[in-house]
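Hello,

I am handing over the structure we talked about, and you will find it just below.

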Amino acid sequence: MQRRPCGTVACGLMTLALACFVPLAARADAPQPELWRWQYWQEIKLPEDAEGKYRDVLLPVDVFGKARIDLGDLRLYDAAGVEVPYALRVLAQVDRDDKITPRQFNQVAGPDNSREISLDLEGDTERHNQVQIETVGAEFRRRVELEGSDDGTQWRKLGAGYLVRFTRDNDKLNGDRITYPPSRFRYIRLRVFRDPETDKNKDITITTVSVHRKVAVPGELVTWEAKLGPRMPVNSNGTPASAWDITLGGDLVPCEKILVDVAEEAFVRDYTLQAKGRPDAVRPSGGSPEWEESYSPPRNARLGATYQTEAASYFRYPVSGKWQRRPGNERKAMEAKFGEEVRASQVRITVVDNANAPLTLSNVRVQAPARELVFAHTEGLKLPLRLYYGNPLANSPEYDFGRNLPEVLSPTPKRLELGAPTPNAEFRGSKPLTERWPWLVYSVLGAACGALGLVLLNLSRATIAAHDRNEPSAPAA
């Protein structure tokens, strides 16, 4: 039997339609992640004999020029393709103030016309070192005595201080906290005494009391080498000056301050520090009128977390300071600070020379708070691990692991190293065919259905014709 062209065309169209659908079905059912969406990866090698629950790595400068601004495209996978939850933390120094609301009881009159109240911290066994006391009145200096107890029976002296509240013109002084050595006492008893000058025969009323953990959490700075450009003679407000461009090594490198070696023995110079890069990254947190007025996104800019623009061709966000080295001082590196972190590709430092010879600069380093990636070391991890990045369309993962992770980890996580950046061989520069042109599948299916209809029509016509040819003629009358 001769093959019909319509049948061949229909089979071809059906095959093409199935080829379009199969990748979608495979991706929907397969447990493997869509790693072709990420451009780069770096390997994390885990020592087999390391102990402890947590591991961490510090992100190197290579990541910041290739990952998203908020680093929300970072993904960690083990050798079996299983996604590993992590926490990403910025190790900047912060002052932490945790408030504890205790149960109050036994507010009574104390000795020497004082007011006494007891506090029960109940199940909170963390250390505390401050108590905040709000009382009724103004213009006073009231002495406070604190005692602590583990059982509410035997009391020991915990600390003492003064509550102060004064107003002079438009200035107000309000000291309502008493600091004491870090303690784990469950019970605190405090007495507030009258101010002998302003209270006299007035009773003291305590309105609210809270206990606090006030601690300074130390940060961790990382240092990167930067490239110093040649000196450029410039004018600064009509005054002779020198400028240097410093290349940071990426488009979105964090920068809080720079360290510069200066050869001269003694000098006093004013400087200006500026940052260059994508405006959405260089702009300080919160923005400023200067930035809002001086920059408008291009028409093709993506707004939101994946906001992408080309690097700005100008420098912004100037801050100023002074370098000074006296004769005989140690020749340590000079610092120039932004005051808060910026994300930039270049930094320009302008030093006012006046009538002095230009300074000789060399060996520039950049410092910023470290970005720490923390994950749990479990028995099920298949080594080695890979850290993927470079997917501007990825959603931030928001792992429960990161949100539940304590701020202070004990024991300290084992610090690991990242390998060299490696281009992802599976990366595709665009979306799959079926995602770029979703109408293609339906068009192919429609054409296949039409071809099948033609085949069926031809088959039905051929069957009818054959039936007519084979039907016997009617007998003569």
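Two strands count as paired if DSSP finds at least two bridges between them. Please keep in mind that this is a predicted model.

Let me begin with an open sheet of four strands, which run in the order 5-14-8-12 with antiparallel pairing. Its edges are strand 5 (94-100) and strand 12 (177-183), and each of these pairs on one side only. From one strand to the next, the twist averages 30°.

Which residue in strand 14 is the bridge partner of aspartate 98? The partner is arginine 213.

Now to another open sheet, also built from four strands, in the order 4-24-2-26. Here the pairing is mixed. Strand 4 (87-90) and strand 26 (414-416) are at the edges and have a single partner strand each, so one side of each has no neighbour in the sheet. For this sheet, the twist from one strand to the next averages 30°.

Within it, strand 2 (residues 54-58) pairs with strand 24 (residues 371-376) in the antiparallel sense, over five bridges. To find this pair on screen, look for tyrosine 54, which stands opposite alanine 376 of strand 24.

Enjoy exploring, and write back with any questions.

Best wishes

Methods:
Residues are numbered from 1 along each chain as its sequence is written. This is a predicted model: local features need pLDDT of at least 70, side-chain atom pairs count only at pLDDT 80 or more; totals for chains, interfaces and linings use all residues. Side-chain values use heavy atoms; hydrogens and water are left out. Helices (H or I, at least four residues) and strands (E, at least two) are DSSP runs, numbered from the N terminus. Axes are lines fitted to C-alpha atoms, for helices over the stretch in contact, and angles run from 0 to 180 degrees between N-to-C directions.
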